[in-house]
Amino acid sequence: MTTVSSAEQHTRRDFLYIATGAVGAVGAAAVLVPLITQMNPDASTIAAGAPVEIDLAPIAEGQIVKVFWRSKPIFIFHRTAKEIAEAKDVPVASLPDPQPDSERVKQGHEQWLVVIGICTHLGCIPLAHQGEYDGWFCPCHGSQYDTAGRIRKGPAPKNLFLPPYAFISDTKIRIG
Amino acid sequence: MSGHSTYQPTNRALIWLEKRLPIGGLIHSSFIAYPTPRNLNYWWTFGGILSFMLGVQIITGIILAMHYTPHIDLAFKSVETIMRDVNFGWLLRYLHANGAAMFFLAVYIHMFRGMYYGSYKEPREVLWILGVILYLLMMATGFMGYVLVWGQMSFWAATVITNLFSAIPVVGDTIVTWLWGGYAVGNPTLNRFYSLHYLLPFVIAGVVVLHVWALHVAGQNNPTGIEPKSDKDTVPFTPYATVKDGFLIVCFCLVYAWFVFYIPNYLGHPDNYIPANPAVTPAEIVPEWYYLPFYAILRSIPNKLLGVIALFSSIGILAFLPWLDTSKVRSARYRPLYRQFFWLFVIAAVGLGWLGSKPPEGIYVILARVFTFYYFAFFLIVLPLLGIFEKTKPLPNSISESVLGAKA
């Protein structure tokens, strides 16, 4: 069957042992797959995580609205001209997590900021219209975010994350 | 079963561990070097199959418990969610439900093996009684698991079985109310059954440890019923018994897989896919097949209390088997008369099972009463008398002689 040295011959028994062991290992792996994947989100959870459409028309200027998508809070901020200017005027290099405002909004829709409302430190929901930067203040450990949802002060390492979203009309977005 | 272990680890880490917790030596002496009679046939593999099935039921059960909700308004739906939404949920559910059936199939074969070859006789009486305890625990666990589905059969089986205790004079109704946690089977009942259904398999696992311990003290019985006399009569457990057990586990799993993948609902009752309705009793209430013989015995006695007593005695009498059978010869191989009565007993037990699935009327009632009579007569009349009057065949001199012939 395979190489043979004069000291030891590979017997049929060796072949049978190795073949049985290999098939057994494959079988064991096959058994493990359903036992482990069953803990992944099930079909109803995935279905409930489908994209949501949000109507922006009722949101007044300066207002921040909270919606849920995939069990996460999403802040939708209808920014005033002053708030937009505040976000743009900041020197990007001085930010703890440098990112220009233009990268955090959709072109042509600068007045709309859509971010995931979870503090990037340890997961609390920051409070709107609070803090020194006119954005959010997280009461858990004192992180402060500006009008573009960027971290300015405090222990949070990253800016508030952006969910996947798109404008399906001037007054409607689809998140997800 | 004595003297120094032959376990000599060469790996330094294993030597270190062995000095502190001799688990390597325990496994070695119990399952590797353990002297096993060389003439064991495949009926002896069912102990290993049972251990395997216990593991399967525990693993699939714990996983199912991650997705099941034990509330009367949500239980049925949570089972359907498992079947339809949870990844491989359908597989886990069918494995667990059919696994219970296979578990009982294996335990009946295991018990019949014990009865045929006299494995309950001295010095294995405690081993046998531990087995009866295990069987009772299995029945309780299986019953409660079936109730958890909260289908029509689940609900009404729970009602019928808990109502059995109302037959007890004076305190019966108090006990039943206590079991229910209410005025009828309801949410408190479901919740406590869930808790106990999760608990009992681990109690079973503990008693299995005692069962294997008792077995290893006495050593295995074997088809001749005579004890090993020398090293020639035994072989080391690994690789001989390990591979033999492993092979039949695979064959058993083929049968198991046949049910799970091709006919997963064959052994169940379609009425259990109807959500429980406390106001409507199904036309026929039937337990799962593995309880049918006892169901038939219960129904064949026209008196409520005596029927319940007959039901529990039909299981309890098993515990007395080592003392009811007076024969000095263990194995039915050398007991030609006992062998015939034994097979009649098997026919009666299987017949009672079939009759349990039939409506209790006409010829079915008559047959059930005949078989019930034979069931008890076998234990109480036949076995004690056979020991005195039976002419047994001569026993071989040793195990190896029976296997290899007089040249051994």
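Trainee: Let's start with B:Leu134; where is that residue found?
Mentor: B:Leu134 is found in helix H6 of chain B. Keep in mind that this is a predicted model.

Trainee: Why does B:Leu134 count as buried?
Mentor: Count the C-beta neighbours: B:Leu134 has 21 of them inside 10 Å. The cut-off for buried is 20 or more, so with 21 B:Leu134 counts as buried.

Trainee: Which residues is B:Leu134 in contact with, leaving aside its neighbours within four places in sequence?
Mentor: You'll find B:Ile204, B:Val207, B:Val208 and B:His211 on that list. A contact asks for C-beta atoms within 7 Å, so each of those four residues meets that limit with B:Leu134. There's also a C-alpha separation you can check: B:Leu134 and B:Pro201 are 67 residues apart along the chain, with 9.8 Å between their C-alpha atoms.

Trainee: Now the sheet in chain A. What order do its strands have, and how do they pair?
Mentor: The order is E2-E3-E4, in an open sheet of three strands with antiparallel pairing.

Trainee: What makes E2 and E4 of chain A edge strands?
Mentor: Strand E2 (64-69) and strand E4 (112-116) each pair on one side only. As for the twist, it averages 25° from one strand to the next.

Trainee: How do you know that E2(A) and E3(A) are a pair?
Mentor: Count bridges. Pairing takes at least two bridges, and E2(A) and E3(A) are joined by six, so they pair, running antiparallel.

Trainee: Over to chain B. What domains does it have?
Mentor: The domain assignment gives domain 1 (31-285) and domain 2 (292-389). Their centres, taken over C-alpha atoms, are 22 Å apart.

Trainee: How many residues of domain 1 of chain B are in contact with domain 2 of chain B?
Mentor: 20 residues of domain 1 are in contact with 17 residues of domain 2. On the domain 1 side, helix H5 (89-117) and helix H6 (125-148) of chain B each give two or more residues. H6(B) gives the largest share, five residues. By class, that side has 12 nonpolar, four polar and four charged residues.

Trainee: Which residues touch the most other members of the largest nonpolar core?
Mentor: B:Phe103, B:Ala106, B:Val147, B:Leu148 and B:Trp150 do, out of 55 residues in that core. Several helices of chain B give two or more residues to this core, including helix H3 (46-65), helix H4 (75-84) and helix H10 (237-262). The largest share, 13 residues, comes from H5(B).

Trainee: Why is this core said to lie between domain 1 and domain 2 of chain B?
Mentor: Both domains give residues to the core, so it lies between them.

Trainee: What is B:Leu148 in contact with, apart from its neighbours within four places in sequence?
Mentor: B:Tyr68, B:Pro70, B:Ala75, B:Phe193, B:Tyr194 and B:His197. There's also a second, separate core of 20 residues, which includes A:Ile76, A:Phe77, A:Cys119 and A:Tyr145.

Trainee: Last stop: how many residues of chain A are in contact with chain B?
Mentor: Eight residues of chain A are in contact with 11 residues of chain B. Helix H1 (12-37) and helix H2 (43-48) of chain A each supply at least two residues of chain A's side. H1(A) has the largest share, three residues. The side of chain A divides into three nonpolar, four polar and one charged.

Trainee: And what domains does chain A have?
Mentor: Domain 1 (1-40) and domain 2 (47-175), according to the domain assignment. Their C-alpha centres lie 54 Å apart.

Notes: Residues numbered from 1 in each chain as written. Chains lettered and ligands numbered in written order. Predicted model: local features only at pLDDT ≥ 70, side-chain atom pairs only at ≥ 80, totals over all residues. Helix = DSSP H or I, 4+ residues; strand = E, 2+ residues; numbered from the N terminus. Axes fitted to C-alpha atoms, helices over the stretch in contact; angles between N-to-C directions. Domains from an automatic or database assignment. Contact = placed C-beta atoms within 7 Å. Nonpolar A, V, L, I, M, F, W, Y, C, P; charged D, E, K, R; others polar. Core = buried A, V, L, I, M, F, W, Y, C linked by C-beta atoms within 7 Å. Buried ≥ 20, exposed ≤ 12 C-beta atoms within 10 Å, placed from the backbone.
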